[in-house]
Amino acid sequence: MSKLKTMAKTQLPKLDTLSMVTMGVLMALQLVISRFSVGNNFIKVSFTFLIVALIAKWFGPWWGMLTAAVVDVIGTLMTGGPFFIGFTVSAVLGSLIYAVFLYRQPVSWWRVIGASVLIALLVNTLLNTLWVTIMYQTPFWSLLPIRALKELIVTPVQIVLVYLLLKSQVIQMIQARLNK
């Protein structure tokens, strides 16, 4: 019997119809938003991190990681760009970090800052620089300072946007409806 309980805990949490539809809409929205970015070649920012944070906050680590992987693969197929598993790992890890800090937790500046800074350092600066280095045979140490500077500029903006989004009354009302 205990083995059966252990197996049940490792399964994805069940979703009701409203949650499945909401998750599907958010995934589609993430794919659409990923096609648009703001900035120049040095600092190009997409707002997909907002959707990743929402999915992680509302549905937790397992669904967040699964949707991050699926959206990454579908997005790559839609653009026709080269697929590289490293970026999928980065997407999954970023979603996991948001979920660890935000899922079933009250939204606070410290939680949003912690998640955003960890994602900026570990995922965006280190891992994604490594993936670019591997894919395009570029020198890691020459790319790292440029990418770190970009993260220093972009991360504070992301922190404010994630916090404001998660604290908005509309988002909190939707979350309350999903948690019924």
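**From a threonine to a pocket**

Beyond the neighbours within four places in sequence, threonine 129 is in contact with Asn124, Phe140, Leu143, Leu144 and Arg147. The model is a predicted one, and within it threonine 129 has its place in helix 5. Because its relative accessibility is 0%, and buried means under 20%, threonine 129 counts as buried. Its side chain is joined to that of arginine 147 by a polar contact of 2.7 Å.

Helix 6, which covers residues 140–167, has 28 residues, and from its first C-alpha to its last it reaches 38 Å, close to the 40 Å expected at 1.5 Å a residue. A kink of about 35° lies in this helix at valine 154, shortly before proline 156. Among the buried residues of helix 6 are Phe140 and Leu144, together with Glu151, Val154 and Tyr163. An α-helix has 3.6 residues a turn, so residues three or four places apart point the same way. The buried residues of helix 6 pack against strand 2 (44–45), helix 3 (48–79), helix 4 (85–102), helix 5 (109–136) and helix 7 (169–178).

The largest pocket has a volume of about 1700 Å³, and of the 44 residues that line this pocket, the closest to its centre are Ser46, Thr48, Asp72, Phe87 and Asn128. Helix 5 and helix 6 each supply at least two residues of the lining, as do helix 2 (17–33), strand 2, helix 3 and helix 4, while helix 3 gives the most, with nine residues.

Definitions and conventions. Residues are numbered from 1 along each chain as its sequence is written. This is a predicted model: local features need pLDDT of at least 70, side-chain atom pairs count only at pLDDT 80 or more; totals for chains, interfaces and linings use all residues. Side-chain values use heavy atoms; hydrogens and water are left out. Helices (H or I, at least four residues) and strands (E, at least two) are DSSP runs, numbered from the N terminus. The expected span of a helix is 1.5 Å times one less than its number of residues. The bend at a residue is the angle between axes fitted to the seven residues ending there and the seven starting there. Buried means under 20% relative accessible area, exposed over 50%, partly exposed in between (1.4 Å probe, protein chains only). Contact means heavy atoms within 4.5 Å. A polar contact is a pair of N or O atoms within 3.5 Å; within protein, one must be able to donate a hydrogen and the other to accept it, and residues adjacent in sequence count only if both atoms are side-chain atoms. On a 1 Å grid over the protein atoms alone, a cavity is a set of points where a 1.4 Å probe fits but cannot get out, and a pocket is an open set with protein on both sides within 12 Å along at least five of seven lines; lining residues have an atom within 4 Å of a point. Grid points are joined across faces, edges and corners, and a volume is the space filled by probe spheres set on the points.
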